[in-house]
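Visitor: I am new to this structure and should like to understand the terms used to describe it. May we look at it together?
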Amino acid sequence: MTVYIALLRGINVGGHNLVKMTELKKMFEDMGFHDVKTYIQSGNVLFKSDEEPHGLKSKIEQFLEKAIGKPVSVALKSAEEMQKIIAGCPYDASALGEGESIHVSIRTTQPSQEALDKLAALDKGGDDFHTDGDVVYLMLRQSIRDSKLAANLSKADAPATSRNWNTMNKLNELAKTL
């Protein structure tokens with residue numbers, strides 16, 4: 001069986017799309033997944049499945065929309081893919097200064113060159129980004145809430161969900177234990 005990490009977009013953010021993690025865990029178990037675990041309240045679910053990855057994301061999105069009553073975009077990565085994301089980060093987390101943070105945005109598709117060009121031309125206020133396929137690494141010099149780069153990234157051409165570096169590392173560690 002393959003270990004997967006599902007990152008749900010827009011769950012329990014700003015008081016919207018509230019879903020208890022116990023309910024979310026049960027939904028994934030009801031879909032037939034094994035060893036389901038959730039991590040923090042922002043829609044992170046780890047599970048095992050022997051299903052092929054192609055179509056798995058769609059199955060989860062359709063099930064959640066029916067169960068929650070609203071569409072939920074899902075970024076789905078295998079444990080192996082998560083390890084590659086962590087290893088591929090171009091920023092040194094041990095060298096972060098006061099108020100700086102690393103975030104990882106996982107897109108449903110690879111960003112278009114036009115979207116990347118717009119981000120590159122933006123006054124980013126010292127923030128920086130690096131892309132690797134459908135993954136965008138963000139080096140933020142201030143709060144994500146105050147970041148022009150993060151705000152404009154969320155308006156780009158493909159839905160995405162972002163997690164801070166600590167959450168990404170914790171999900172990676174949890175995936176190793178499944």
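**Reading a predicted model**

Guide: Leucine 153 lies in helix H5 (residues 148–153). Helices (H or I, at least four residues) and strands (E, at least two) are DSSP runs, numbered from the N terminus. This is a predicted model, in which local features need pLDDT of at least 70 and side-chain atom pairs count only at pLDDT 80 or more, while totals for chains, interfaces and linings use all residues. Residues are numbered from 1 along each chain as its sequence is written, and side-chain values use heavy atoms, with hydrogens and water left out.

Visitor: Why is leucine 153 called buried?

Guide: Buried means under 20% relative accessible area, exposed over 50%, and partly exposed in between (1.4 Å probe, protein chains only). Leucine 153 has a relative accessible area of 5%, and is therefore buried.

Visitor: Which residues does leucine 153 touch, leaving aside those up to four places away in sequence?

Guide: Contact means heavy atoms within 4.5 Å. Leucine 153 touches Ser105, Arg107, Leu119, Val136 and Leu138.

Visitor: How do you know that the length of helix H2 (residues 56–68) agrees with its number of residues?

Guide: The expected span of a helix is 1.5 Å times one less than its number of residues. The 13 residues of H2 should therefore span 18 Å, and the end C-alpha atoms are 18 Å apart, which agrees.

Visitor: Why are the buried residues of H2 said to line one face of the helix?

Guide: Those residues are Leu56, Ile60, Glu61 and Leu64. Seen down the axis of H2, they fall within an arc of 130°, so they line one face. The arc is that of the directions from the helix axis to the C-beta atoms. In general, an α-helix has 3.6 residues a turn, so residues three or four places apart point the same way. The face of H2 turned away from its buried side carries the exposed residues Gln62 and Lys66.

Visitor: Against which elements do the buried residues of H2 pack?

Guide: They pack against strand S1 (2–8), helix H1 (21–30), strand S3 (44–49) and strand S4 (74–78).

Visitor: What makes strand S2 (34–39) and S4 edge strands?

Guide: The order of this open sheet of 4 strands is S2-S3-S1-S4, with antiparallel pairing. S2 and S4 each have a single partner strand, so one side of each is left without a neighbour in the sheet. S1 and S3 pair over 6 bridges, and leucine 7 has asparagine 44 in S3 as its bridge partner.

How values were computed
Pairing = 2+ DSSP bridges.
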